[in-house]
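Colleague: Before we look at any particular feature, could you walk me through how to read a model of this kind, taking one feature at a time?

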Amino acid sequence: MVLRVFDSFYAASELGLPPHATTCRELEPLVKALMGPLFASYCEKAGISVGEEDLKEYCRRQLPGDVPFAEVWAEWAPGGGQWRMRKLAIAQLTMWKLQKSLFDKYGGRVTRVDGAQPQAFDAMIAYAAECESAGDFTIPDEQLRIRFWECFRTPKDPLVSGEDARALIEAHPADRLRR
């Protein structure tokens, strides 16, 4: 076992982790297997969800000025021509709300991620450290644990701080798509 997250246990082979993984790229499956459940737990505890009003606002922000909202919104219904856009909006809004909440709680710097939502970098590190201290996850192999934290604390994208970080994390995801 290389990872325990809540009540789930993972072997290296289950995660696609190469034997004796040492590079940050090799450790990405471990990070993904860990952060997915931790983020889901955070969202549940913080009451983060995406409702119809959130989706309508996202849809409205995507519209060119001359297109009637009702026509487009009908296409967003499950089974409609734009149902995939609806699913994308749910994923983006959930991640946006999560990252905003983490930033509000822990503060810190934010990463600009090409093609994705900005991430509350320092806040995610603080949250993961808090979860490890609480026993929500363990990485039994001490060398692997050390490498995980080294990689997790190393930004892959540019960092922004202060008011620029707040503006970046608070920008609505639909508005980012329109630029």
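Modeller: Phe69 is partly exposed, since its relative accessible area is 21%. Please keep in mind throughout that this is a predicted model.

Colleague: Is Trp73 buried or exposed?

Modeller: The general idea is that a residue counts as buried under 20% relative accessible area. Trp73, with a relative accessible area of 16%, is therefore buried.

Colleague: How should I read the geometry of the aromatic pair that Phe69 and Trp73 form?

Modeller: Two values matter, the distance between ring centres and the angle between planes, and planes under 30 degrees apart count as stacked. Phe69 and Trp73 are 5.8 Å apart centre to centre with 15° between the planes, and the pair is stacked. Because these two residues are four apart in helix α4 (residues 69-75), about one helical turn separates Phe69 from Trp73.

Colleague: How many aromatic pairs does a search of the whole structure find?

Modeller: The search finds nine aromatic pairs. One of them is formed by Phe148 and Phe152, which are stacked at 5.4 Å centre to centre with 15° between the planes; both residues lie in helix α7, four residues apart, about one turn of the helix. Phe148 is buried, with a relative accessible area of 0%, and Phe152, at 10% relative accessibility, counts as buried too.

Colleague: Which ring does the charged end of Lys100 sit over?

Modeller: The ring is that of Trp96, and the charged end of Lys100 is 4.2 Å from its centre.

Colleague: Turning to the sulfurs, which cysteines does a disulfide join?

Modeller: In reading a model, a disulfide is assigned where two cysteine sulfur atoms lie within 2.5 Å. Here Cys24 is joined to Cys151, with an S to S distance of 2.2 Å, and this is the one disulfide that the structure holds. The pair links distant parts of the chain, 127 residues apart, with Cys24 in helix α2 (residues 24-46) and Cys151 in helix α7 (residues 142-152). Cys24 is partly exposed at 28% relative accessibility, whereas Cys151 is buried at 4%.

Colleague: Why is the disulfide of Cys24 and Cys151 left-handed?

Modeller: The handedness is read from the torsion about the S-S bond, which for Cys24 and Cys151 is about -90°, so the disulfide is left-handed.

Colleague: How far is the sulfur of Cys131 from the closest cysteine sulfur?

Modeller: The closest cysteine sulfur is in Cys43, 12 Å away, which is too far for a bond. Cys43 is buried, with a relative accessible area of 11%, and Cys131 counts as buried at 4% relative accessibility.

Colleague: What is Phe137 in contact with, leaving aside its neighbours within four places in sequence?

Modeller: Its contacts include Leu3, Leu34, Leu38, Cys131, Phe148 and Trp149.

Note on methods
Residues are numbered from 1 along each chain as its sequence is written. This is a predicted model: local features need pLDDT of at least 70, side-chain atom pairs count only at pLDDT 80 or more; totals for chains, interfaces and linings use all residues. Side-chain values use heavy atoms; hydrogens and water are left out. Buried means under 20% relative accessible area, exposed over 50%, partly exposed in between (1.4 Å probe, protein chains only). Contact means heavy atoms within 4.5 Å. Rings of Phe, Tyr and Trp (its six-membered ring) pair if their centres lie within 6.5 Å; planes under 30 degrees apart count as stacked, over 60 as edge-to-face and the rest as tilted. A charge sits over a ring if NZ of Lys or CZ of Arg is within 6 Å of the ring centre and within 35 degrees of the ring normal.
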